[in-house]
Amino acid sequence: MKKSDILVIDDEPQIRKLLEITLKTNDFDVIEAATAKEGLLKAKNNFPDLILLDLGLPDESGHEVLKKLREWYTKPVIILSVQSGEEDIIKALENGANDYLVKPFRTGELIARIRSSLRGSLKGIISYEGAKNELEIDLNLRIVKKNNELIKLTATEYDLLALFVKNEGRVLTHQYLLREIWGPGYLNQSQYLRVFIAQLRKKIETEPNQPEYILTESRVGYRFIAKINL
Amino acid sequence: MNSSSFQKFSPTKQYIVSILSVLIVSVGCYFLSDLIGYRVVALILLVTVSLIALFFDIKPVLLSAILSAVLWDFFFIPQKFTLAISSAEDLLMFMMYFIIALVHAVLTIKIRKMEKKASQKEEKENTLKLYSTLFNSLSHELKTPISTIIGAADNLHTMSDKLSEHNKYELVSEISKASLQLDRQVGNLLNMSRLESGFIKPKNDWFDVNELIYDVLNNLKDNVSEKPVHVAVKENLPLFKLDYGLLYQVLHNLIHNAATNIPKYSVITVRAFCNYNRLVIVVEDTGYGFPEDEIERVFEKFYRLKSSKTGGTGLGLSISKGFIESMGGTIKLENMPEGGAIFTIEIPSELSYINIGIKT
């Protein structure tokens, strides 16, 4: 199988070195760029399978680079950012980034994010084997089973879960979830989201307070994460 | 009496108050002038001017000095209702009155200025002291992990062939631990400077208290593994509308603090309930508690307990206090009678009961 190639756009040589070693050890090919200009050029020339983009570039803001990339680049972009607040992250996610990592990050986390971003959208029947309980979701028949037992979800709960499943491993912002499930008129009604997340967790998790499927991303959103049973 | 509160009077108010007091005292004296004699009136007016000088700026004081002199001359010195002074003795007294009033005014104001300078100097010295405390604790807190990282990396670099696999593993673990510590301290410093610069503006949004507490605990899993954390959140709590991120950091701080400082086999309990329109979160432990004489000081910036062995920059609790206050809330620390510390956070908040019994 051809190795996936990843373009790293970051101006810090130390970070590039670290990423290069980490990625190569995990069987990825690495292309490096130190500036926004170089990054955009290499993205066009190489059309990599995934781009790691630092938000703080010297010649142009990472947000601008992301916008330019998203005019034609359709594959995943993961944002790297220093601890600067959630606005930056939310903005990048809303502008088409697939995921984000805050520096300093664990390299294991980085690889997991890359793998789940590279995996395509899921279809059909998917079953997950969690540490506490199994979960099976049939996206065609709209059926959800926990430990092989049918569980009853309301329409909204199901839509929410299906959206998570289709974006397994990706962080979904509060705004995105509200817009997709309730519609653009509900962007300020985050209380609905809180309620439905709590209800959904009660139904699909063994310990709703210590969820293993729907994880909280403080201030940003939620992430559905699971090991797929193939 | 506290003179600074009077100095907050606007200049116009100072003039008005000065003139009024001189006038009122003069009128009072006018009715009594048959009883007390005009020379005593001069003394009374002088006292009035002195009192004004204690609190007000130089201009209103000078004005009241002049005004009172003129009033005294006009209404009290014989041949009333003229400014003329017939006897040499009265003329002398009038001039002396005028000079004493002026000197008095100038002197009191000079003293006040010196006092102000002295207090500024003291403030400066306090700031310097604060900075040296900062440097001491910071250089220690930052240099220790940095030294560890440099030393361990150096060993791995230069003596890689002599080190056993186990030693290498240990060195790498040390680097990893030290870098996490460094990250935490830098995070603290950044938060402190955000607070100091007034950069913290709470972004309130609806959240579920249960979710918040477990989110924090989940993140602290590795730190609190040896010390059990009980969670007692009241059933059917409404949603609150506060800044999740700020609360997250405060709870993280409090629980991390408790976990690193209490003895083995102690227990941490986190409670949450709703008191009228306020969210109350309590973090308590069964450790030793805080020394009674230091309880008042633990929220001060850079303050570290005298007995503190675990280090720390003394920023965590002051940041927590700053965050809670930025949301309009309070945080307090008490010792429990049976031992152990109890932190209580109270924040007024909008409530939503939509989460209780909604079906769609």
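Disulfides are counted here as pairs of cysteine sulfur atoms within 2.5 Å. By that rule, the total over all chains of this predicted model is zero. In general, a disulfide is a covalent bond between the sulfur atoms of two cysteines. Cys29(B) is buried, at a relative accessible area of 4%. Cys274(B) is partly exposed, at 25%. The classes are buried under 20% relative accessible area, exposed over 50%, and partly exposed in between, with a 1.4 Å probe and protein chains only.

The model is predicted: local features need pLDDT of at least 70, side-chain atom pairs count only at pLDDT 80 or more, and totals for chains, interfaces and linings use all residues. Residues are numbered from 1 along each chain as its sequence is written, chains are lettered from A and ligands numbered from 1 in the order in which they are written, and side-chain values use heavy atoms, with hydrogens and water left out.

Confidence comes next. The model scores ipTM 0.79 and pTM 0.70. The mean pLDDT of chain B (the predictor's confidence in each residue, from 0 to 100) is 84. In chain B, 93% of the residues score at least 70. Residues 1-5 of chain B stay under 50. For that stretch the model has four contacts (heavy atoms within 4.5 Å) beyond four places in sequence.

Chain B has 360 residues, and 38% of them count as buried. Its secondary structure comes to nine helices and eight strands. These are DSSP runs numbered from the N terminus: helices are H or I with at least four residues, strands are E with at least two. Among contacts in chain B with a separation of 6 or more, 69% join residues 24 or more positions apart. The chain exposes about 20,700 Å², of which carbon and sulfur atoms supply 61%. Accessible areas use the Shrake-Rupley method with a 1.4 Å probe; for residues, only the protein chains shown count as cover.

Backbone geometry has some points to check. Lys103(A) and Pro104(A) are joined by a cis peptide bond, with omega about -5 degrees. Pro104(A) sits in the loop between strand S5 (99-103) and helix H5 (107-118) of chain A.
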